[in-house]
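Here is a friendly walk through one structure, taken a few elements at a time. Keep the 3D view open while you read.

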Amino acid sequence: MKVLIADQFEQVGIDGITAAGCEVIYQPTLADEQLAGALASTKADVLVVRSTKVTDAMLASGSLSLIVRAGAGVNTIDVNAASRRGIYVSNCPGKNAIAVAELTFALILALDRRIAENVIDLRAGTWNKKEYSKAKGLFGRTLGIIGYGSIGQEVAQRAKAFGMPVVAWSRRFETDPGPRTSDPGLVRARSPEGVAEQSDVLSIHLALASGTRNFIGASILNRLKPGSYFINTSRGEIVDHAALADAIRNRGIRAALDVFAQEPAESAGVFADPIVTLPNVIGTHHIGASTEQAQEAIAAEAARIVRTYKETGKVPNVVNLATKTPATHMLVVRHRDRPGVLAHVFDRLRAGNLNVQETENVIFEGAEAAIARINLDGEPPAELLRTIAGGNQDILSLYVVKI
């Protein structure tokens, strides 16, 4: 199995993939047409990327069966195009959670103690202890978290050490009946607006998806108390930056941002987002996951995904399998475990213009008999069932279940 790594990648990950018996092609500077050309020339089975964009045109040029995003999000990959081509897309969720949580608290502390302004004045030769002694402190102040996945949970754990009550909202709270034992004292809000109303510090930890783009807008930001702190270490596109700028100017909101809606495509370049020119805004260079610990953990997880796929054909953390197929009926076939039985069934289904959506064949102890469950996109007519049952002597029985 050939694995093309088209991004910077830790040696522990390269070693892990090599140890799995794969041929590793490490070309970390590939992008755009060069990446498309490399996919065509190498005929790689697996592509591993970090921040490099993967487009439909690139996929058309190669013969991939798996793309591994060495990180949590998959917004840099054309997942729909991969799905149309039957290419698995997998990621490494949770492996950078501690790193992002650490930066989140660094930014909270930097806002409260005005660390950036302190440093700027000291370097300019200005001593202003009187001004910079004005800090609210964090103990007893409420931290609001919107998005309570692995990163949000790590942030909440650190808030406890600072004596900060935590209120959170997540879509999964609507189906999850109550707090887990690992979350004692967590207050669950009924809405994102409810979190903002109670927060002295609001931290965003949502994944970027079609339903979260510009999710944090005026309806949430205007619920914050004047002078509250706003932290975003998730994705810039999740926040309506015009609404945030308005809250900063008119309501005294102080913001710390690690992510921006318009970031340079390369790791170094010109940056001109006007929001960072506003007073009471500090920022970092999208470095939330950029610790050695996090990158090594992500690389090891990417290697595990590739190894599992090579050895079992299964893909951990796959993000683009259908949760619901067009199947309406299940054909259940009890049969002797003999060659040609399922080939006969599938051939008759094809003749009947019925498409198989999913199938599994379970073998009974002793490997003499089996039962096949075949999900179909329509109901097989009675005559077709009789043709299937009578066309192979190793079929013991069959029946149809409506899904």
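Let us begin with a pair of strands: strand 13 (residues 329-336) and strand 16 are joined by seven bridges in the antiparallel sense. Within that pairing, Leu331 has Val400 of strand 16 as its bridge partner. Please keep in mind that this is a predicted model.

Helix 14 (residues 382-390) packs on the sheet here, where it touches strand 13 and strand 16. The direction of helix 14 makes about 155 degrees with that of strand 16.

The sheet itself is open and has four strands, in the order 14-15-13-16, with antiparallel pairing. Its edges are strand 14 (356-363) and strand 16 (395-402), each of which pairs on one side only. From one strand to the next, the twist averages 15 degrees.

Now turn to strand 10 (residues 229-232), which has neighbours in two pairings. Strand 9 (residues 201-204) runs parallel to strand 10, with four bridges between them. Strand 10 is also joined to strand 11 (residues 254-257) by four bridges, and these two strands run parallel as well.

| Strands | Sense and bridges | Residue pair |
|---|---|---|
| Strand 13 and strand 16 | antiparallel, seven bridges | Leu331 and Val400 |
| Strand 9 and strand 10 | parallel, four bridges | Ser203 and Ile231 |

Are the two faces of strand 10 covered or open? Both are covered: Tyr229 and Ile231 are buried on one side, and Phe230 and Asn232 are buried on the other. In a regular strand, side chains alternate between the two faces of the sheet.

A residue with a contrasting setting is His285, in the loop between strand 12 (281-283) and helix 12 (292-312). His285 has a relative accessible area of 74%, so it counts as exposed. Asp258 lies 27 residues from His285 in sequence, yet their C-alpha atoms are 5.9 Å apart in space.

Finally, have a look at two helices. Helix 5 (residues 97-113) packs against helix 8 (residues 150-161) at an angle of about 50 degrees, and their axes are 8 Å apart. Because of that angle, helix 5 is oblique to helix 8. The crossing of the two is right-handed. On the helix 5 side the contact includes Ile98, Val100 and Phe105, and on the helix 8 side it includes Ile151, Val155 and Arg158. By class, this contact has eight nonpolar, two polar and three charged residues.

Methods. Residues numbered from 1 in each chain as written. Predicted model: local features only at pLDDT ≥ 70, side-chain atom pairs only at ≥ 80, totals over all residues. Heavy atoms only, no water. Axes fitted to C-alpha atoms, helices over the stretch in contact; angles between N-to-C directions. Parallel < 35°, antiparallel > 145°, perpendicular 65-115°, else oblique. Left-handed = near helix turned anticlockwise from the far one by under 90°. Contact = heavy atoms within 4.5 Å. Nonpolar A, V, L, I, M, F, W, Y, C, P; charged D, E, K, R; others polar. Buried < 20%, exposed > 50% of the residue type's maximum accessible area, 1.4 Å probe, protein only. Pairing = 2+ DSSP bridges.
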